[in-house]
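The following exercises concern a single protein structure.

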Amino acid sequence: MAIRQLSETLINQIAAGEVIERPASAAKELIENALDAGATRIEIATSGGGKALLRVSDNGSGMDAADLELAIRRHCTSKISESLEDIRTLGFRGEALPSIGSVARLSIASRKRDSTGGHEIAVAGGKILHIRPAAANPGTIVEVRDLFFATPARLKFLKTEKSEAGAITEIVKRMAIAFPAVRFVLSGSDRTTLEFPATGDDHLARMAQVLGKDFSDNAIALDAVREEISLTGFAGVPTFNRGNSAHQYAFVNGRPVQDKLILSAIRGAYAETIPSGRYPVAVLSITLDPALVDVNVHPAKSDVRFRDPGLVRGLIVGAIREALARDGSRAATTGAGDMLRAFRPGFQPKADRPQGGWSAETSPSRPYQPPASFGERPQAAFDGLSMPTARAEPQLSPQRAAPEPAARYPLGAARAQIHANYIVAQTEDGLVIVDQHAAHERLVFEAMRKALHSKRLASQVLLIPEIVDIPEEDCDRLMLHATEFAELGLAIERFGPGAIAVRETPAMLGEVDAHGLIRQLADEIAEWDIASGLSAKLEYVAATMACHGSVRSGRRLRPEEMNALLREMEVTPGSGQCNHGRPTYIELKLSDIERLFGRS
């Protein structure tokens with residue numbers, strides 16, 4: 001078969017398959033164009049999930065007739081000239097508008113700020129319909145109708161209108177977080193109007209608009225620099241988590257990205273602090289020289305490649321862990337809200353009402369009967385215990401000055417232990433309920449983890465070295481990290497071109513599948529250029545040992561033991577959650593308690 005040149009329309013339709021995957025892709029490209037044009041107000045309107053209508057209006061710099069004619073041609077752009085080494089705009093490929101025009105009915109009306117009139121261009125299925133003068137405000141209005149009408153096969157792969165509308169909403173949220181000085185309005189017949197007023201330089205206020213007020217109450221500020229890369233943003237406390245990773249936002253030089261390296265770093269930073277199946281909430285902004293990052297990896301521009309991925313990952317993990325150590329031990333404010341909802345009285349649902357008419361035994365108005373657990377016989381078991389005291393230290397002699405009242409400490413003074421597992425402490429402005437087992441488990445684990453990183457770990461010498469056959473390039477990668485492995489108790493050496501000899505394994509791990517461990521480490525290094533799997537395994541063992549070596553539920557504690565536990569929690573990083581990510585304590589403010597009783 002002879003080779004022939006494809007038509008311009010077919011070329012654009014092929015390109016559209018990569019650039020415009022769904023209505024949300026088109027919305028992303030059009031919003032990026034508006035931002036690059038310097039817009040401070042962007043309005044997005046949709047219908048039919050963006051398939052029937054997608055309109056993006058902005059007050060940016062606008063275009064004249066000549067610009068409009070070039071804008072719908074492939075690889076025509078005002079954002080770069082000859083080099084991809086210094087990209088400082090969101091768009092730069094010059095493919096979005098011609099790709100949209102090739103598969104939809106596209107019209108663009110625009111007017112430059114210093115012009116007395118505007119112009120409009122219309123394209124359908126890749127063919128220009130007209131270019132003519134038009135009444136327009138300064139800025140640009142791009143209207144996309146009947147998306148994929150020219151490529152019906154693509155329509156079959158789209159999801160429901162509700163799903164497509166939701167994807168556009170997510171795009172707008174990401175853009176709104178990245179650009180707090182811009183006002184965004186999202187409306188349409190398929191949705192409730194969503195508006196994000198401009199917040200100027202107050203990034204946290206914009207995040208509160210998008211993620212809710214709870215995020216600002218539970219966020220820890222990040223501000224770190226390593227070499228030529230800076231990281232800013234906010235990370236949620238570990239107990240403030242979600243059921244998926246949709247609440248993790250990452251930006252590179254202001255560009256929203258969904259990069260697996262960054263998401264992996266966030267996951268690693270929260271290791272041992274988040275329950276399985278739960279995800280932290282975080283907003284990270286990375287700023288670096290454009291020459292150190294490649295944004296031209298994929299036409300959608302959502303993936304990036306860093307020149308030094310290990311440096312970026314280390315910066316993210318280190319910054320988040322430092323922030324959690326500094327301020328991450330506090331309990332999430334949502335915990336108190338959940339407790340209040342559990343305590344708040346309400347009407348009994350109709351489905352739960354007793355059947356068979358009224359009876360004295362089931363009536364909600366019956367005389368109060370105290371629970372059996374508060375009767376005389378169960379309470380007699382507490383007779384041998386001394387009453388808790390507000391003092392955080394043992395009784396001092398009269399010659400020594402009295403210490404500061406324990407209630408002034410962040411976690412207060414222990415007042416009681418209930419159900420042999422929960423410590424109730426009084427603070428200056430409320431009370432704290434502590435899960436003694438979960439709290440002590442965290443304290444033991446942090447002590448063990450500190451020991452892991454403070455000295456070389458004990459190793460078990462193998463009587464006969466394990467020989468692991470792997471590709472030569474994997475051997476090269478592993479040997480670059482041999483010193484790190486040795487510090488963790490894993491001694492390896494080269495055994496020919498394509499094999500590794502394992503001579504020692506970490507004693508903590510007991511019997512080790514050396515072949516599986518080496519292959520896992522080799523795969524990890526090949527993928528991420530780091531080898532954290534062994535360290536993660538050791539920390540998992542430490543967490544298990546801490547769980548079995550901590551104060552058990554059901555053990556009664558003396559007042560001084562309870563207060564000692566509270567004081568140690570206050571100085572231990574990450575003490576706000578156990579090794580499984582569950583909260584170790586919940587705090588109730590006095591105002592919350594008073595609200596329960598209708599006193600405020």
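**Exercise 1. Overall organisation**

What share of the contacts in the protein with a separation of 6 or more is accounted for by residues 24 or more positions apart?

Solution. The model is predicted. Begin with the inventory of secondary structure, which comprises 19 helices and 24 strands. Next, consider burial: 44% of the 600 residues are buried. Finally, turn to the contacts with a separation of 6 or more, of which 69% join residues 24 or more positions apart.

**Exercise 2. Confidence**

Determine how far the predicted coordinates may be read in detail.

Solution. The average pLDDT of the protein is 81, and 79% of the residues score at least 70. Two stretches call for caution. Over residues 346-354 the pLDDT stays under 50, and the model has three contacts beyond four places in sequence for them. Residues 378-383 likewise have a pLDDT below 50, with seven contacts beyond near neighbours in sequence. Where pLDDT is low, predicted coordinates should not be read in detail.

**Exercise 3. A helix pair**

Describe the packing of helix 9 against helix 10.

Solution. First, locate the elements: helix 9 spans residues 260-269 and helix 10 spans residues 309-327. Their axes come within 9 Å and cross at roughly 35 degrees. The crossing is right-handed. Helix 9 contributes Leu261, Ile262, Ser264, Ala265, Ile266, Gly268 and Ala269 to the contact, while helix 10 supplies Pro309, Arg313, Ile316, Val317, Ile320, Arg321 and Leu324. Sorted by class, this contact contains 10 nonpolar, two polar and two charged residues.

**Exercise 4. The span of a helix**

Compare the length of helix 18 with the value expected at 1.5 Å a residue.

Solution. Helix 18 covers residues 559-571, a total of 13 residues. The distance from its first C-alpha to its last is 19 Å, close to the expected 18 Å. As to burial, Pro559, Met562, Asn563, Leu565, Leu566, Arg567 and Met569 of helix 18 are buried.

**Exercise 5. Positive phi values**

Where are Asp146 and His419 found, and are they buried or exposed?

Solution. Most residues other than glycine have a negative phi. Asp146 has a positive phi near 50 degrees. Asp146 sits in the loop between strand 6 (139-145) and helix 5 (152-155). Its relative accessibility is 34%, so Asp146 counts as partly exposed. His419 also has a positive phi, of about 50 degrees. The loop between strand 18 (413-418) and strand 19 (422-427) holds His419. With a relative accessible area of 65%, His419 is exposed.

Technical notes: Residues numbered from 1 in each chain as written. Predicted model: local features only at pLDDT ≥ 70, side-chain atom pairs only at ≥ 80, totals over all residues. Heavy atoms only, no water. Axes fitted to C-alpha atoms, helices over the stretch in contact; angles between N-to-C directions. Helix = DSSP H or I, 4+ residues; strand = E, 2+ residues; numbered from the N terminus. Left-handed = near helix turned anticlockwise from the far one by under 90°. Contact = heavy atoms within 4.5 Å. Nonpolar A, V, L, I, M, F, W, Y, C, P; charged D, E, K, R; others polar. Expected span 1.5 Å × (residues − 1). Buried < 20%, exposed > 50% of the residue type's maximum accessible area, 1.4 Å probe, protein only. pLDDT = per-residue confidence, 0-100.
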